[in-house]
Amino acid sequence: MNSYDVCILMVSNDLYDFLQAFFKEHSQYANNDFYITGESYAGHYIPAFAARVHQGNKNKEGTHINLKGFAIGNGLTNPEIQYKAYTDYALDMKLIKQSDYNSMSKSVSQCEQAIKLCGNP
């Protein structure tokens, strides 16, 4: 497991521990439907957090959390793949001109290289 995965796991456990403490203190909310939502970079954390809640419920850890669903809006899950699509989308939606597209497309390879370097200090 790499340091990124460890970080996601730690955050998920911390959020789960927070919910357990919250529902212990405010038991009147424990039976409410529970949804996990977020956007952008939360696309990394939401699935792991939902899996942690599911695992806790399955293993009967603490208070049962009535998880009904989770959603990610415009999730940034893999920038190396996603960034390539932004210029095409912006041009197709007429958000930018062809000259802007040409200029932006030249920068995509630099962004991809920076993404690769970011994960490997």
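## Terms and basis

Helices (H or I, at least four residues) and strands (E, at least two) are DSSP runs, and they are numbered from the N terminus. Under this scheme, N57 is found in helix α2.

The model is predicted: local features need pLDDT of at least 70, side-chain atom pairs count only at pLDDT 80 or more, and totals for chains, interfaces and linings use all residues. Residues are numbered from 1 along each chain as its sequence is written, and side-chain values use heavy atoms, with hydrogens and water left out.

## Overall build

The protein chain contains four helices and two strands. Read from the N terminus, its elements follow the order α-β-α-β-α-α. The radius of gyration of the protein chain is 20 Å, well over the 14 Å that the globule rule gives for 121 residues, so the chain is more spread out than a compact globule. Here the radius of gyration is taken over C-alpha atoms, and the globule rule is 2.2 Å times the number of residues to the power 0.38. Along the principal axes, the C-alpha atoms of the protein chain fill a box of roughly 60 × 35 × 20 Å.

Contact means heavy atoms within 4.5 Å. Among contacts in the protein chain between residues at least 6 apart in sequence, 66% join residues at least 24 apart.

## Surface and burial

The accessible surface of the protein chain comes to about 8600 Å², and 56% of this belongs to carbon and sulfur atoms. Accessible areas come from the Shrake-Rupley method with a 1.4 Å probe; for residues, only the protein chains shown count as cover. A residue is buried under 20% relative accessible area, exposed over 50%, and partly exposed in between (1.4 Å probe, protein chains only).

A nonpolar patch on the surface is formed by M1, V6, L9 and M10, which together have about 420 Å² of accessible area. Of these residues, M10 lies in helix α1 (residues 3–25). Patches are made of residues with over 30% relative accessible area and no salt bridge; like charges are joined within 9 Å, and nonpolar side chains (Val, Leu, Ile, Met, Phe, Trp, Tyr) within 5 Å.

## The nonpolar core

A nonpolar core is a set of buried Ala, Val, Leu, Ile, Met, Phe, Trp, Tyr and Cys residues joined through side-chain atoms within 4.5 Å. The largest one has eleven residues, namely Y16, L19, F23, A30, F34, I36, I46, F49, A50, V53 and I65. At least two residues of this core come from each of α1, β1 (34–39) and α2 (46–58). Helix α2 gives the most, with four residues.

A30 is placed in the loop between α1 and β1 and is buried, with a relative accessible area of 11%. Leaving aside neighbours within four places in sequence, A30 is in contact with F23, T63, H64 and N66. A30 and H64 are 34 residues apart in sequence, and their C-alpha atoms are 7.5 Å apart in space.

T63 belongs to the loop between α2 and β2 (67–73). This residue is partly exposed, with a relative accessible area of 25%. Beyond four places in sequence, T63 is in contact with Q20, F23, A30 and N57. The C-alpha atoms of T63 and Q20 are separated by 6.2 Å, although these residues are 43 residues apart along the chain. N57 is buried at a relative accessible area of 16%, and its contacts, again leaving aside neighbours within four places, are Y16, T63, H64 and I65.

## Salt bridges

Side chains of opposite charge can pair when their charged atoms come close. How many salt bridges does the structure hold? There are two, a salt bridge being a side-chain nitrogen of Lys or Arg within 4 Å of a carboxyl oxygen of Asp or Glu.

R52 forms a salt bridge with E61, and the closest N and O atoms are 2.9 Å apart. R52 counts as buried at 12% relative accessibility, whereas E61 is partly exposed, with a relative accessible area of 26%. E112 forms a salt bridge with K84, with the closest N and O atoms 3.7 Å apart. E112 lies in helix α4 (residues 98–118) and K84 in helix α3 (residues 79–92), so the pair ties together parts that are 28 residues apart in sequence. E112 is buried, with a relative accessible area of 18%, while K84 counts as partly exposed at 43% relative accessibility.
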